[in-house]
Amino acid sequence: MDIDEPAVAALSLRRLGPEHKGVPAAAWGRTVVEFLDTAPGLDAFQTPLLTLDRRVLDANLAVMGELARRAGVRLAPHGKTTMAPRLWAEQLAAGCWGITVATVWQAQVARMFGVRRLLLANELVDPVGLRWVAEELARDPLFEFVCWADSVDAVEVMAQVLESVPGAPRLRVLVELGGADGRTGARGIGRGRAVADAIRRAKSLVLAGVGGYEGVLGTDRGPTAQFVVRGYLDEIGALHRELAARGWYEDSAIVTAGGSAYQDLVIERLADCADAATTVILRSGAYLVHDDGFYADISPLSPERAAEPLRSAMHGWARVVSRPEPGLALLDAGKRDLPYDKGLPVPQLVIGSVDTVRIPGAAVTELNDQHAYMRLPADAELSVGDVVRLGLSHPCTAFDKWRLIPVVDDADALRPRVIDLVHTFF
């Protein structure tokens with residue numbers, strides 16, 4: 001198994017309490033299973049709330065899986081997006097190669113749930129973290145782990161620490177190639193080659209491939225951004241081919257890139273690296289949940305760009321608590337509840353007693369810690385107590401505000417039914 005399914009299933013036996021924001025007091029003390037057996041509706045929960053739509057999660061899972069299958073690449077979705085083992089398990093069951101993480105702590109959470117194959121898309125030079133990885137690899141021969149290095153200095157730190165761990169297996173390391181004005185990553189093929197040479201010469205390390213992250217090099221789908229991203233991806237492919245031609249790989253290799261904005265370009269420029277000895281891996285993290293903001297605008301799988309698109313599976317729900325003046329409503333959701341770093345929430349629907357209605361011209365213009373300022377036409381019919389469904393941007397900063405997220409059967413229904421509760425670990 002690629003994940004400990006009994007450990008994931010045991011999450012449903014955890015008891016609910018006031019630490020689970022939005023869960024009604026009537027559920028406190030019950031297990032997740034016991035509460036779900038009461039067939040709760042969404043209107044049983046308190047606001048504010050974040051929900052996931054089961055129909056859309058399933059559809060997004062299928063869309064991305066088919067994209068990877070057709071392209072001949074594998075998926076290792078970034079686990080930091082959701083930090084939800086239940087969702088990781090669904091992705092792995094759908095055929096994903098493994099789970100990507102960004103920190104050793106995230107890797108430790110994943111290992112707590114038995115994730116067998118992890119890609120740490122980051123430098124690993126923390127001695128405590130390195131020792132834990134080495135000991136975990138020694139403890140479980142079935143555990144597969146790979147991380148990055150972007151400098152000779154980093155390689156030397158890693159080698160020094162690992163050589164002090166008795167019986168530690170050799171650690172598989174990718175060269176991280178970076179781009180100008182980007183984030184981490186060796187700048188240029190020449191420096192990448194030097195890092196690769198240092199890895200293969202280190203007794204405690206194994207050169208395992210080349211990787212990087214193109215998402216920081218563009219913020220739109222304009223021609224300039226696409227030109228820069230393509231050029232960067234071409235460098236990743238060129239370095240990998242050079243290392244393979246030099247015979248520097250001992251066995252199989254990995255070529256990896258790909259956030260949730262330029263999957264199409266990664267496939268276009270790197271899919272042909274895949275062969276019997278090389279696995280090309282996309283690390284898209286946001287595809288399962290998607291959004292109604294940043295990724296909806298930039299993703300190649302948005303409805304205006306794809307016949308089989310991704311759609312947002314997450315929504316915020318907030319209640320009108322004040323109408324202090326015409327054209328203004330205050331909602332009971334703020335920065336502690338909803339993402340705001342890549343766009344403010346967007347009002348979509350008002351949930352009425354007999355129907356759902358839209359509010360033309362409504363917009364959230366500001367968030368405080370616990371309030372949203374929603375501007376709307378002065379004659380809009382909106383009352384204190386009404387519930388507004390909000391479209392959200394950026395799942396990474398939506399999930400991290402919630403320990404438990406209800407899953408509904410249909411977020412478009414007048415009375416959505418809660419059919420699951422997803423635990424997160426942040």
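**Inside the predicted model**

Helix α10, which covers residues 263-270, contains Q263. The model is a predicted one. Q263 has a relative accessibility of 0% and therefore counts as buried, the cut-off being under 20%. Leaving out residues up to four places away in sequence, Q263 touches M64, L282, S284, S299, P300 and L301.

L207 is another buried residue, with a relative accessible area of 2%. L207 sits in strand β8, residues 205-211. Once neighbours within four places in sequence are set aside, the contacts of L207 are V173, V175, A196, I199, R200, L243, W248 and Y249. One of these contacts, A196, is eleven residues away from L207 in sequence, and the two C-alpha atoms are 6.6 Å apart.

Next, the nonpolar packing. In soluble globular proteins, nonpolar side chains tend to be buried together. Here the largest nonpolar core has 140 residues, and the members that touch the most others in it are L52, F145 and L171. Not counting residues up to four places away in sequence, L171 is in touch with L130, V133, L137, F145, C147, M158, L162, S204, L205 and V206. Another core, of ten residues, lies apart from the largest one; L119, V146, W148 and I281 are among its members.

Helix α4 shows burial along a whole element. Of the nine residues in α4 (85-93), eight are buried, so the helix is largely enclosed by the rest of the structure. The buried residues of α4 are P85, R86, L87, W88, A89, E90, Q91 and L92. Just after α4 comes G95, with a positive phi of about 110°.

The volume of the largest cavity is about 40 Å³. Two cavities of 30 Å³ or more are counted in the model.

The largest pocket, which is open, has a volume of about 610 Å³. Its lining is made up of 36 residues, and those nearest the centre of the pocket are K80, R183, Y213, V216 and Y295.

F113 belongs to the loop between α5 (104-112) and β4 (117-123), while F425 belongs to the segment after β19 (418-423), so the pair ties together parts that are 312 residues apart in sequence. Both F113 and F425 are buried.

Charged side chains are also placed over rings. R111 lies over the face of F143, 4.0 Å from the ring centre. K335 lies over the face of Y340, and here the distance to the ring centre is 5.3 Å.

Methods:
Residues numbered from 1 in each chain as written. Predicted model: local features only at pLDDT ≥ 70, side-chain atom pairs only at ≥ 80, totals over all residues. Heavy atoms only, no water. Helix = DSSP H or I, 4+ residues; strand = E, 2+ residues; numbered from the N terminus. Buried < 20%, exposed > 50% of the residue type's maximum accessible area, 1.4 Å probe, protein only. Lys NZ or Arg CZ within 6 Å of the ring centre and 35° of its normal. Core = buried A, V, L, I, M, F, W, Y, C linked by side-chain atoms within 4.5 Å. Contact = heavy atoms within 4.5 Å. 1 Å grid on protein atoms, 1.4 Å probe; cavity = no way out; pocket = protein on both sides within 12 Å on 5 of 7 lines; lining within 4 Å. Points joined across faces, edges and corners; volume = space filled by probe spheres on them.
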